[in-house]
Amino acid sequence: MRNKGAVILLTVVVTLLCIYYLSFTFKSRSVQQDAIEYATEESGVINLSKKQAYLDSVWNLPVYNLLGVEFTYKEVKENELSLGLDLQGGMHVTLEVSPVDIIKGLSGDNQDQDFLEAIRLARERQAESQARFSELFLDAFQEVSDDDQLAPIFVTAANRGRISIDMSNDEVMEVINQEIESAIDRSFTILRTRIDQFGTSQPNIQRLQGTGRIQIEIPGAENPERVRKLLQGVAKLEFWEVANPEEYAPSLINANSMLLDEMEAENALNVNADSSLSSELQESQTEDLSSVLSAEGDLPDPADSLVSDTAADSSLDSLTNPQVSPLFSLLRSQNITELIYDVQDTGKIGEILRRKEVQSLLPRTIKPIWAVKPFINEETGDELLQLYFVRVGRGGKAQLTGEVITDARQDLDERGRFVVSMQMNAFGTKEWRTMTQRAAAKRTNQTPPDRIAIVLDNYVYSAPYVQGEIPNGSSQISGDFTVEEAKDLANILKAGSLPAPTRIVEEAIVGPTLGQIARNQGIISMLAGLGIVILFMVAYYAKGGFVANIALIFNIFFILGILAQFNAALTLPGIAGIVLTIGMSIDANVLIFERIREEMRNGTKLREAISTGYKKAFSSIVDANLTTLLTAAILYIFGQGPIKGFAITLMIGIFCSFFSAVYITRVIVEWMTNRGDESKISFNTPFSRNLLSSINIDFMSRRKKAYIFSAIVIIIGMSLVFTQGLNLGVDFKGGRSYIVNFADPVEATNMKIALSETFEGEGTEVKNYGANNIVKVTTSYKVDDESDTADDEVKNILVAGLESYTNLEYVEDAAEIDSDHFTISGSSKVGATIADDIVSSSFEAGIIAIIAIFLYILIRFRKWQFSTGAIIALIHDSLFVFSAFAIAGLLGIKYEIDQVFVAALLTVIGYSINDTVIVFDRIREYLNLGTSSDNVKIFNSAINSTLNRTLITSVTTLIVVLILFIFGGEVLRGFSYALLVGILVGTYSSVFIASPVVIDLAKSRQKI
């Protein structure tokens, strides 16, 4: 074997990297266990607030020492293999930024009838179209307007310099599209800052490019209503005057004295002052400001110098004096002219400032506000954060709010530096003149002018000094900006004048109990599948099976380690991908070992047989893996949420299984044979030695019977699909679904009848969900209303209906379920518009997968007959799976058709083409030998020679999928059923459909 040293080196390097990254996962679990022990009360109940307070308190503290390098808990969490929402509970939300409000805002809320009618038509058509809303709006406007010119609608004072009366519709639409894109960016920035309030929960936010949607996942979210309000609340942009040190310093000094008195009193009681205060603060902590303010990518404070050297009368004589409280001892600045703290200390400072005794010492005319993002101390590398005190206006309101801004944009000044230009309306201009005049008047030879803080959602994004009075409302904010920072600040300033309302179009809530159940089911499935495959391989291939099992262990270890390196989340479909990889990864070793056995039956010696077996199997393995990789990549591109997790796991699994099965096994096998004793390795057992070795079935003569059988099943199944329909999940039809838990078994059929009346006859499905005391309720009631009010109304109706039917009482906490109470442990919502998008993207994924596979087979085999045969087999398999779902529904077993089903269908396509390619590859080999001109004989010989491999791979994969079907839980039941059918049909079609079609297309006995 060539490059054996490189294979060993790569294996060692990848193994060490996987150990390195997975070690963070084990450490993270250890810290969380410590938190649970800390929060467990005498009654055995875990106090979730105390648990979170513990985790918050160590967020920025070193908790892991690896080879002399210390990692904080935050860094440990960033490097661990995280769990998806379906495995730990939490909330998944997809928000859509409304382009309607952006367009109306740009028009100055124009009441032109044609304009309003165009918006109405565009909204109606959006539900059935994949086009951008702005394109639909333009088409509708040109349709309803006699003039069909957009410019007069959008020529306003706010748009001066951007839109003129003589601009074409395309030019106006370019401005509109830029503003819509800017609004999405702005919403993304605002939401990213807001969700960081969930700190150690590791929230995730991403833009869904090309859709105007933003997807957010918040693991561990326990208050969905709070999350909805937080995500959909209108952004509050304000301008506050920054207070001077002499306004807040005396109060802070008095607070310091008060805290010192408390510490001395505790000392008198023989209590360690420092640790006591620290413990008190940690245990009562309700909000971790260090977590809130540590999001990457947020705007830095653009002031030229955050750490000022300016002297002030309020500076302390010595901040190192031990007789100071944490309020001053934790300061990182040289004086209190500017209040700068280490990020890890901001939680303690925030707790002190929230104390009523401290608040009573502060003047009512000022209040504290933190900067939105920390900055790095260049000398120490520490993350520091500035605390501002701002002057409070009448009624506690800001002097000026964001509604007065008419425009803001990134610009360049005369020195070529990036700045932000801002324009205000008449009211804003007047107030701004007063504010800036007052701030600039404070400038003297010894002191700088006052600053004005730009505050969004109660965080300071910028606090520039005012260099002079600004009389005309046109301002320029300068600082050490990058182009991205200037663009982001301009976007933030538009939050008041051009709001971008967001609405929740998709939502899923998984309770922690449901997540724990799913996690246990996934682990059981994976271990059981792994165990059975290991036993089978040893029973069939003897010591060769041991080698294959070693490669399998490496494969799974590499998958988990690489997922951790990529910072990807492991989801329940991801575990399904690993389970599936266990079955499919054996395929490469089966191909190799069967080739070796075949060579040995022909009289070849062991070492030569091993070399020949690996060489001949290589091209088949490459083809099979590449076709499966194609479908996984397409699934990743078009899938969303957990489907992406499945696709990522599957792609990583394909690479890992190829490397481990082809290269690692060969290193081990050659090491065993090079020891001089060939008995050290064997590929036969008494059970498998001659099994299926002399089969000679005439498959081609039976192809017409197979055609008839397939046609009958597909016709029956598709007739049922068109007459009765499929059980579409909320992913595809929109609506709301709820997982309801009871203490005792319930009858789903009678409950459905009762709830159908409750929901006024709207489509309602009720079925048992994994157990006879759990049901899943799905309803299309108010499917077109995506408001929070509708969400609450549907849930309240459901609860009332269940209480009436069961005579039980609803409770929020799953721990309180008993014979008198029930709870809702999970829910999901998919709006009608996003459901249409999911249907469309799923259809596109299927079509593109088929086209990609057709082209690949055409390139590899260079005959259109092979490509056509493969595609006909794939279409056959897909229709067969749909038919199987319809027939199961007729028998009363209704599996949902959802995004997970699409993943299963594409996996079936990948598996089926895998089987087909193996057969085609052997056919090509026999054709190239030129030993016969009879295509039927060649095809039969090729299929018979690969039948051993086909059956072994199918059986091992079927066993694994069957275990997934039994133990994987209700979430994966439909997925597993589709795979069970697909694997059986894929094996059948590679023999009885794909190859016979090639024969028939080639006119039977003509040379291909």
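**Rings, sulfurs and one arginine**

Colleague: Which residues do ring pairs link into a cluster?

Modeller: Ring pairs link Phe882, Phe885, Tyr895, Phe901, Phe965 and Tyr977. Rings of Phe, Tyr and Trp (its six-membered ring) pair if their centres lie within 6.5 Å. Planes under 30 degrees apart count as stacked, over 60 as edge-to-face, and the rest as tilted.

Colleague: Before we go on, what kind of model is this?

Modeller: This is a predicted model, where local features need pLDDT of at least 70, side-chain atom pairs count only at pLDDT 80 or more, and totals for chains, interfaces and linings use all residues. Residues are numbered from 1 along each chain as its sequence is written, and side-chain values use heavy atoms, leaving out hydrogens and water.

Colleague: Back to rings. How many aromatic pairs?

Modeller: The count by that rule is 35. Take Phe557 and Phe558: their ring centres are 6.3 Å apart and their planes are at 45°, so this pair is tilted.

Colleague: Are those two buried or exposed?

Modeller: Phe558 is buried, at 2% relative accessible area. Phe557 is partly exposed, at 25%. Buried means under 20% relative accessible area, exposed over 50%, and partly exposed in between (1.4 Å probe, protein chains only).

Colleague: Which charged end sits over the ring of Tyr465?

Modeller: That of Arg451, 4.6 Å from the ring centre. Arg973 lies over the face of Phe965, at 5.8 Å from the ring centre. Phe965 belongs to the cluster you asked about. The rule: NZ of Lys or CZ of Arg is within 6 Å of the ring centre and within 35 degrees of the ring normal.

Colleague: New topic. How many disulfides?

Modeller: The structure holds 0. A disulfide here is a pair of cysteine sulfur atoms within 2.5 Å.

Colleague: Now Arg29. Where is it found?

Modeller: Arg29 is in helix α1, residues 4-39. Helices (H or I, at least four residues) are DSSP runs, numbered from the N terminus. Arg29 is partly exposed, at 33% relative accessible area.

Colleague: What is Arg29 in contact with?

Modeller: Leaving aside neighbours within four places in sequence, Arg29 is in contact (heavy atoms within 4.5 Å) with Glu80, Leu81 and Leu83. Lys77 is 48 residues from Arg29 along the chain, yet their C-alpha atoms are separated by 9.6 Å.

Note on methods
Helices (H or I, at least four residues) and strands (E, at least two) are DSSP runs, numbered from the N terminus.
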